[in-house]
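Okay, everyone, let's get going. Please have a look at the structure on the screen, and I'll walk you through a few of its features.

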Amino acid sequence: TGNIISIVNVPTAAQTKVSGVALYKDEEGTATLGTDLKIEFTCDGGSNWTEAASYTAVTPVFSSGIKMVKLGETTCTTGSDVRYKAVWANQAAGSKDTQLYGIGINY
């Protein structure tokens with residue numbers, strides 16, 4: 001379990017919507033997105049976080065077991081400090097290991 005938070009992205013104007021794409025791999029077990037791995041967005045520097053509105057798998061698999069998922073357009077509290085946060089839960093050696101390979105955001 002744990003999380004990572006991106007560095008600040010400073011848009012030219014305040015934002016209220018964010019979307020993106022993530023690359024991840026089920027190294028052990030199979031993750032349930034939104035439970036075992038969540039992606040959250042903020043537009044106000046982390047004062048308010050909102051989970052991605054949806055997770056849509058892109059097929060075929062990206063590369064060597066790395067999966068791509070579209071992160072649906074998400075409404076966030078207006079601001080000029082856009083970030084993402086990846087949150088892991090239910091990870092356990094030998095049964096569930098979910099690895100994040102990359103993430104890109106649109107705003």
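Let's start with one cysteine: Cys76 is buried, at 7% relative accessibility. By "buried" I mean under 20% relative accessible area; exposed is over 50%, and partly exposed is in between, using a 1.4 Å probe and protein chains only.

Quick housekeeping before I go on. This is a predicted model, with residues numbered from 1 along each chain as its sequence is written. Local features need pLDDT of at least 70, side-chain atom pairs count only at pLDDT 80 or more, totals for chains, interfaces and linings use all residues, and side-chain values use heavy atoms, with hydrogens and water left out.

Back to Cys76. What is it joined to? A disulfide links it to Cys43, with 1.8 Å from S to S. The cut-off for a disulfide is a pair of cysteine sulfur atoms within 2.5 Å, and by that rule we get one disulfide. Cys43 is in the loop between strand 3 (37–42) and strand 4 (50–51), while Cys76 is in strand 6 (residues 66–79), so the bond ties together parts 33 residues apart in sequence. Cys43 is buried as well, with a relative accessible area of 0%.

Now, the sheet. Strands here are DSSP runs of E, at least two residues long, numbered from the N terminus, and two of them pair if DSSP finds at least two bridges between them. Four strands make an open, antiparallel sheet in the order 5-6-2-8. Which strands are at the edges? Those are strand 5 (55–63) and strand 8 (97–106), each pairing on one side only. Strand 2 (residues 15–28) pairs with strand 8 over nine bridges, in the antiparallel sense. If you want a spot to look at, find Val21, which stands opposite Gly104 in strand 8.

On to salt bridges, meaning a side-chain nitrogen of Lys or Arg within 4 Å of a carboxyl oxygen of Asp or Glu. The count comes to five. One of them is between Asp36 and Lys96, at 2.9 Å from N to O. Asp36 sits in the loop between strand 2 and strand 3, and Lys96 in the loop between strand 7 (83–88) and strand 8, so to speak a link between distant parts of the chain, 60 residues apart. Both Asp36 and Lys96 are buried.

Another salt bridge has Asp81 meeting Arg83, at 2.7 Å from N to O. Buried or partly exposed? Asp81 is buried, at 17% relative accessible area, whereas Arg83 is partly exposed, at 21%.
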